[in-house]
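User: I would like to go through this model with you. Could we begin with its pockets?

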Amino acid sequence: MTAMRLDHLSYAAEPDGLAGTADRLANQLSAEFTDGGVHPRFGTRNMVLPLASSQYLEIVEVLDHPASDKAPFGQAVRARSEAGGGWLGWVVGVDDIGSVEKRLEREAVPGNRFRPDGVELRWRQIGIQGFQSDPQLPFFIEWEGDPSLHPAYAADTDLALVALDIAGDGARVADWLDAPVDHVLDGLDVNWLAPHGNPGILAATFSGPRGLVRI
């Protein structure tokens, strides 16, 4: 079994766009997002905020680009933003995405983005279609290249994710992960709630300069 860990949370831009959404969340968290750059294969762009424990929060926005109509991730971002924005999903980092490919019987797709300084980040991801059909499910990512390019590498921050409220079924998610959920979300207080609409992340609680902040 490949090692798994929570890599990041994704939040879809609200009606005021990427910058407006980032400013609002930054004010709530007393922290600053940075421009993450464009995902050319997916027709999206993001802003990122490093967290403790090598995790990060991204806000993502769909672009007016043909890739966003074809790529499942772009489709998912567009749909969530058109519904008002908010929590999009959670992403699990793995060390061997080949084992996930074998289990899901499909191939991972390459992803990349260019930071404003021109540095390219590369990864492979899989599971977007499962996430599209059932948003309580995470998708999987394996980063490539220099580990120091990870958005939360050696982040000097006291801002930490401490809890998640998820509408869904922990057993269903564990089956998707092929691993105990509490191993993947180690150290987090996870509250599973019965869906009263679409499943997925309802709220995330962070510990930081203002104490506990629930978004």
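Analyst: By class, the residues lining the largest pocket are 11 nonpolar, 4 polar and 1 charged. Here Ala, Val, Leu, Ile, Met, Phe, Trp, Tyr, Cys and Pro count as nonpolar, Asp, Glu, Lys and Arg as charged, and the others, Gly among them, as polar. The model is predicted: local features need pLDDT of at least 70, side-chain atom pairs count only at pLDDT 80 or more, and totals for chains, interfaces and linings use all residues. Residues are numbered from 1 along each chain as its sequence is written, and side-chain values use heavy atoms, with hydrogens and water left out.

User: How much space lies in the largest pocket, and which residues are the closest to its centre?

Analyst: The space amounts to about 350 Å³. Arg80, Trp87, Pro135, Asn198 and Pro199 are the closest to the centre, out of 16 lining residues. A pocket is an open set of points on a 1 Å grid over the protein atoms alone, where a 1.4 Å probe fits, with protein on both sides within 12 Å along at least five of seven lines; lining residues have an atom within 4 Å of a point. The volume is the space filled by probe spheres set on the points, which are joined across faces, edges and corners.

User: Which elements each supply at least two residues of that lining?

Analyst: They are α3 (72–82), β5 (86–94), α5 (128–133) and β11 (200–208). Helices (H or I, at least four residues) and strands (E, at least two) are DSSP runs numbered from the N terminus.

User: What is the volume of the second largest pocket, and what classes make up its lining?

Analyst: Its volume is about 260 Å³. Of its 18 lining residues, Arg5, Asp7, Trp143, Pro147 and His150 are the closest to the centre. The lining has 8 nonpolar, 3 polar and 7 charged residues, and β8 gives the most to it, with 3 residues.

User: Changing topic, how many bridges join β6 to β7?

Analyst: There are 6, and the strands run antiparallel; two strands pair if DSSP finds at least two bridges between them. Gly111 stands opposite Trp123 in β7. The two strands form a hairpin with 5 residues between them, and Gly118 in the turn has a positive phi of about 90°.

User: Finally, which residues does Leu177 touch?

Analyst: Leaving aside residues up to four places away in sequence, Leu177 touches Met4, Trp90, Val92, Arg103, Pro138, Phe140 and Val184. Contact means heavy atoms within 4.5 Å.
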